[in-house]
Amino acid sequence: MSSVLDTYARKPISFKEGKGSYIFTEEGDKYLDFVQGIATNILGHCHEHLVKTIQEQSKKLWHVSNAFIIPEQERLAKRLTNNTFADFVCFQNSGTEATEASIKIARKYFHKIGKPEKNRIITFKGAFHGRTLAALFAANNPKHTEGFGPKVDGFDQVPFADHEAVKKTINKNTAAIMIETIMGEGGIKVVPDSCLKGLRDLCDEHDLLLILDEVQSAYRTGSFFAFEKSGVMPDIVPVAKGIGGGFPLGACLVTKKAATGMIHGTHGSTFGGNPLAMAIGNAVLDIIFEKDFFKNVKKKGEYFGNGLNKIKNKFPKIISEVRGIGLMKGIKVLVDNTEFIKKLMDHKMLTVKAEENVIRLFPPLIVEDNELDEAINKIQMVCKEMN
Ligand code: PLP
């Protein structure tokens, strides 16, 4: 019997090593890995630059307290703020800590400016913001919250894509609206640009902060963030997963205005932003900043999307929709998604499910066209088998 607390429905398989888009079992079986730690190993397994960085940094300095200046942290924050909407970054270890920090920053802002009654956040049905108590009750998915009461108060949930409901829910206590730019666990549901603009307008009209959760989508859609193409400027953006390329790293990006309340002592973390994590975060950026990197992600995303759409058109009884942007893709299937994923595993390809009977596909951003072709072939084979 395993001594690990049994909170995951694990597949009976384990892996020994990985390289790029592939991962290998103890027995030497090779799988095309389009889970990549659920959108986390953004540069694939064991990217040379990340391996070299971790080796070099591990000989220099692993961890120092945030009681001291950490130059690698300063550097990563500067590189992020120089290239995004944000003025400040606060480093965490995970996505849920980043969303939790976002909630705290929003509440503290209104407290600081003398409107402490503005402390409630509007969230959306089907969202996922992590597993800490506040993040759980922000998303309010009964599958995740049951038995974890008392409920953490301060969230008002509305149906996804219901602009009128958002409008009706805003009151004198509302501080912010929080939404994933692309709902990941919810089924790769992209919030249309017009909706993002609508939410920004409501925030401006009612003096609210806009929190866009990009924990799953950051770096993955052909730009730093998925919201960028909409032209909308958020106030707070939690990120994690891909920004550490597989090393535990989260961050909360924030504007100068929204950061108003965050003075000494208001937030902290023992590990958040330590030299080892920061070296890796910077190493991920070194690659992301290479010429035409995002352009290539977009190109590969289109290539993959076209391939998936061709299969959808060929097998309309199996695939009803191809979702997502860049290399954050989902296929909504009309057969059981768990069964489909199992069959893909028989063909040595790993994928991960989401709500709405969706299968998520997270190729690493360094994926080659022939690997995308391989994925398309395997998906097509399963469609044939299930047709
Ligand atoms: N927010 C979003 C949009 C996520 O997809 C996730 C994880 O899947 C989280 C927050 C929580 O991240 P973590 O599991 O790193 O705590």
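Is Arg200 buried or exposed, and what is its relative accessible area? Arg200 is buried, with a relative accessible area of 12%, where buried means under 20%, exposed means over 50% and partly exposed lies in between, with a 1.4 Å probe and protein chains only as cover. Before I go on, please keep in mind that this is a predicted model, in which local features need pLDDT of at least 70 and side-chain atom pairs count only at pLDDT 80 or more, while totals for chains, interfaces and linings use all residues. Residues are numbered from 1 along each chain as its sequence is written, and side-chain values use heavy atoms, with hydrogens and water left out.

Let me stay with Arg200, whose side chain meets that of Asp235 in a salt bridge at 3.0 Å, N to O; a salt bridge here is a side-chain nitrogen of Lys or Arg within 4 Å of a carboxyl oxygen of Asp or Glu. Arg200 lies in helix 8 and Asp235 in the loop between strand 10 and strand 11, so the pair ties together parts that are 35 residues apart in sequence. For these elements, helices (H or I, at least four residues) and strands (E, at least two) are DSSP runs, numbered from the N terminus. Asp235 also counts as buried, at 6% relative accessibility.

Next, the side chains of Asp207 and Lys115 form a salt bridge of 2.9 Å, N to O. Asp207 sits in the loop between helix 8 (193-206) and strand 10 (209-213) and Lys115 in the loop between helix 4 (95-112) and strand 5 (120-124), so parts 92 residues apart in sequence are tied together. Asp207 is partly exposed, with a relative accessible area of 25%, and Lys115 is partly exposed as well, at 31%.

Now to the backbone. Most residues other than glycine have a negative phi, and most peptide bonds are trans. Against that background, the peptide bond from Gly149 to Pro150 is cis, with omega near 5°, and Pro150 is found in the loop between helix 6 (142-145) and strand 6 (155-158). Lys241, although not a glycine, has a positive phi of about 40°; Lys241 belongs to the loop between strand 11 (236-239) and strand 12 (250-254), and is partly exposed at 21% relative accessibility. Asp292 has a positive phi too, near 65°, and lies in the loop between helix 9 (275-288) and helix 10 (293-314), partly exposed with a relative accessible area of 35%.

Let me finish with helix 12 (residues 369-386). Its 18 residues should span 26 Å at 1.5 Å a residue, and its end C-alpha atoms are 26 Å apart, which agrees; the expected span is 1.5 Å times one less than the number of residues. Among the buried residues of helix 12 are Leu372, Ile376, Ile379 and Val382.
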